[in-house]
Amino acid sequence: MRFALIDGVKVEASKGAKGFCQSCGAEMIAKCGDFKINHWAHKRKYQCDTWWETETEWHRKWKGNYPIEWQEVIQFDSDTNEKHIADIQTKKGLVIEFQHSRLNPEERRKREGFYKNMVWVVDGTRLKRDFPRFFKEWKSNGISEVRRTDKSGIFEVWFPEFCFPEAWLKSSVPVIFDFLGDGTLEDPESMRNSLYCLFPQIGKYASVAEFSRKAFLNATTNGNWTLRVQKFLNHLIEQNKIRVQKERLELERHYALNRYEFNQRLLGRKYTGGKRRL
Ligand SMILES: [Zn+2]
C-alpha cells in the first residue's frame, strides 16, 4: 500500500518507518528497495484485503492525480461485514479502481456489486497484443464494426470482443482502457494519449467514448462524472427503445405482407407486390 497510519496520519513509506494498517490496524513496515516501488507491507506476511494487488508505477501515477485524502479509502459494508480499500474514493463517493492484473468476470462482478458507484481504469498494455489489436480495429473499421455517431467522441461498436479484452465486456459500470503503458509500444497516431471508455451495453451494440485524460480527471475531480454517465446511459436506453419499436413495426409490416400474399395464394391469385392488376 502507498499509505499507512503513523499517529493517525496517512504517511508514505520511507526507509525504516513503522506504521499501522488503515484497514486492519496491524503493524506495517516500510519496504523501500531498488526493484519495487516504495510501499507498506503487513509485518506478519498476510494481506488483510484479498482484493489488493501489488502496485506498479502505473497505479501510483494514476492515484497521484487525486488528493491524498481520496487515495486508499476504506469501504465497509455493515450488512456483510466486508471491508476493502478503494484506490480512489472522491468526495462525491465515486470509487475509481485501477486494475493492472487480469481479473476474472466473477471477481469483477463481486467488486462492482460491493463498490456500486464506480469506474474501472484498466491498464490496456498488460498483454502485448492488446493495443495493436485495438488500434487495428479502431482504425480499419474491421470485424468489430466501429462506427461514429452524431455525438462527437462517441462510437458504436457492434463486436466489442474484437477490440477489448473479453473479461471486461459484460461490466455493469464504465470501463476505461488506458493504452499508454510505459511508452514502449508503437503509436503512429498518438492514439494512446486518449482514454477509451466502454459503457455497460444497452441493446445490440456497445458504446465507447474517446476522451482525454484531462477530461476524465476533471469530471471525476469536480464530481460531474456520475451524473454525466447516468445521463448518457439514459440517452442510450431511450435510443434503444426507439430502435426496438422501429424494428417491431418493420417486422409487423413484413408479416402483414406475407399474410396478404398467403391469402391471395389461397384464393388462387398471384401476389403482385401490392399493386392490383386491373
Ligand atoms: Zn491490514
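Lys63 is buried, with a relative accessible area of 0%, where buried means under 20% relative accessible area, exposed over 50% and partly exposed in between, computed with a 1.4 Å probe on protein chains only. The model is a predicted one, in which local features need pLDDT of at least 70 and side-chain atom pairs count only at pLDDT 80 or more, while totals for chains, interfaces and linings use all residues. Residues are numbered from 1 along each chain as its sequence is written, and side-chain values use heavy atoms, with hydrogens and water left out.

Lys63 forms salt bridges with Glu55 and with Glu72, a salt bridge being a side-chain nitrogen of Lys or Arg within 4 Å of a carboxyl oxygen of Asp or Glu. In general, side chains of opposite charge can pair when their charged atoms come close. The structure holds 16 salt bridges, and three of them are listed here.

| Salt bridge | N to O distance |
|---|---|
| Lys63 and Glu55 | 2.5 Å |
| Lys63 and Glu72 | 2.9 Å |
| Glu238 and Lys241 | 3.4 Å |

The pair of Glu238 and Lys241 lies in helix α5 (residues 225-266), where the two residues are 3 apart and thus separated by about one helical turn; helices (H or I, at least four residues) and strands (E, at least two) are DSSP runs, numbered from the N terminus. An α-helix has 3.6 residues a turn, so residues three or four places apart point the same way. Glu238 counts as partly exposed at 43% relative accessibility, whereas Lys241 is exposed, with a relative accessible area of 51%. Elsewhere, salt bridges that share partners join Glu55, Arg60, Lys63 and Glu72 into one network.

Helix α3 spans residues 130-140, and its buried residues are Asp130, Phe131, Phe134, Phe135, Glu137 and Trp138. The cover over these buried residues includes the strands β10 (146-148), β11 (154-157), β13 (194-198) and β14 (206-212). Just after α3, Asn141 takes a positive phi of about 50 degrees.

A nonpolar surface patch of about 260 Å² is made by Ile143, Phe159 and Phe162. Patches are made of residues with over 30% relative accessible area and no salt bridge, like charges being joined within 9 Å and nonpolar side chains (Val, Leu, Ile, Met, Phe, Trp, Tyr) within 5 Å, and the accessible areas come from the Shrake-Rupley method with a 1.4 Å probe, for which only the protein chains shown count as cover for residues. Phe159 is placed in the loop between β11 and β12 (175-178), and is partly exposed, with a relative accessible area of 34%.

As to cysteines, the structure holds 0 disulfides, a disulfide being a pair of cysteine sulfur atoms within 2.5 Å. The sulfur of Cys32 is 17 Å from the closest cysteine sulfur, that of Cys21, which is too far for a bond; Cys21 itself is buried, with a relative accessible area of 2%.

The protein is divided into domain 1 (1-48) and domain 2 (51-244), with bounds that come from an automatic or database domain assignment. The centres of domain 1 and domain 2, taken over C-alpha atoms, are separated by 29 Å. Their contact takes 11 residues from domain 1 and 15 residues from domain 2, contact meaning heavy atoms within 4.5 Å.
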